[in-house]
Amino acid sequence: MGFDGCETDVNISKDGVLMLVHGSEYYYEDGTVKNVNDYTYEELMEKPLKNDFTDTVLYPCTFRRYIEIMRDYDLFAFIELKGEYPDDKLQEIVDIVDELYTWDMCSIQSMQMSNLIKLREKYPDLPLMYCGGGYNAETKEALERGFDCDMKVPDIFPEVIHAFQRKGLRAAVWTADDNKMVSWALSMGVDFIESDYLWGLNVGG
């Protein structure tokens, strides 16, 4: 479809498995809902997920499998950490990417500044990106600490994006969910555009 990568949220199951999930809940085909943090990996995998987009039978995906898919298709992997991460799970994220892929094709995102700070202290060269709604105190802190930025459309403006880029940092926007927003983001010269809608966007134009 012309996209260069994928952004996904990562959360932690009750027994410590890194799982892909938008937010924290899985919605299943039979109507049940499970919070990832409250169930083990085996319990989360017991039945197929609700799927309104294709006729494919889908089950939850682990973080390890996500990185394998990104590697196999040569796609850029955004890794958004949801919530506060313990040190051992931050280490596991790094170890999996080190084992399976390359950091040239990955970036860790988080709305939790503490996750990024802990990673930067241990891994000074790791590509890290602060994810936020718009320009605020944490966005300013991200700029000062040398983190890339990922801001919500339309709560961001060219001056902020260019401030990051002048420092050699990358700027992304999320929720560019129609062609108008994609065109707007392109006009600002962002490095990445994230969208929830794959169908209908003229990404190849």
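How many bridges join β1 to strand β5, and in which direction do the two strands run? In this predicted model, β1 and β5 (residues 76-81) are joined by 6 bridges, and the two strands run parallel. In general, the strands of a sheet pair through backbone hydrogen bonds, and the pairing may be either parallel or antiparallel.

The pair β1 and β5 belongs to an open sheet of 8 strands, whose order is β2-β1-β5-β6-β7-β8-β9-β10. The pairing within this sheet is mixed. At its edges stand β2 (18-20) and β10 (192-193). Each of these two has a single partner strand, so one of its sides is left without a neighbour in the sheet.

A helix also packs on the sheet. Helix α4 (residues 113-122) touches β5, β6 (106-110) and β7 (128-132), and its direction makes about 170° with that of β7. Within α4, the residues Met 113, Asn 115, Leu 116, Ile 117 and Leu 119 are buried. The elements that cover these buried residues include β5, α3, β6, β7 and α5 (137-145). As a general point, an α-helix has 3.6 residues a turn, so residues three or four places apart point the same way.

The largest nonpolar core contains 49 residues. Val 10, Phe 63, Ile 67, Ile 79, Leu 81, Ile 93 and Ile 108 have the most contacts inside this core. Helix α3 (residues 87-100) supplies the largest share of the core, with 6 residues. Another core lies apart from the largest one; it has 7 residues, among them Tyr 28, Val 36, Leu 44 and Leu 49.

A disulfide requires sulfur atoms within 2.5 Å. Cys 6 stands opposite Ala 77 in β5, and Cys 6 is partly exposed, at 31% relative accessibility. Cys 131 is likewise in no disulfide, as the nearest cysteine sulfur, that of Cys 149, is 9.7 Å away. Cys 131 is buried, with a relative accessible area of 2%. A search of the whole structure finds 0 disulfides.

Phe 3 is found in the segment before β1 (5-12) and is partly exposed, with a relative accessible area of 28%. Phe 3 and Phe 76 are separated by 73 residues in sequence, yet their C-alpha atoms are 9.5 Å apart in space.

Several loop residues complete the account. Asn 51 is placed in the loop between α1 (41-44) and α2 (63-72). Its side chain makes a polar contact of 2.9 Å with the side chain of Thr 54. Beyond its neighbours within four places in sequence, Asn 51 is in contact with Thr 56 and Leu 58.

Most residues other than glycine have a negative phi. Asp 74, in the loop between α2 and β5, has a positive phi near 55°. Asp 74 is exposed, with a relative accessible area of 57%. Thr 175 also has a positive phi, near 65°, and lies in the loop between β9 (171-174) and α7 (179-187).

How values were computed. Residues numbered from 1 in each chain as written. Predicted model: local features only at pLDDT ≥ 70, side-chain atom pairs only at ≥ 80, totals over all residues. Heavy atoms only, no water. Core = buried A, V, L, I, M, F, W, Y, C linked by side-chain atoms within 4.5 Å. Buried < 20%, exposed > 50% of the residue type's maximum accessible area, 1.4 Å probe, protein only. Helix = DSSP H or I, 4+ residues; strand = E, 2+ residues; numbered from the N terminus. Polar contact = N/O pair within 3.5 Å; in protein donor to acceptor, adjacent residues only side chain to side chain. Contact = heavy atoms within 4.5 Å. Pairing = 2+ DSSP bridges. Axes fitted to C-alpha atoms, helices over the stretch in contact; angles between N-to-C directions.
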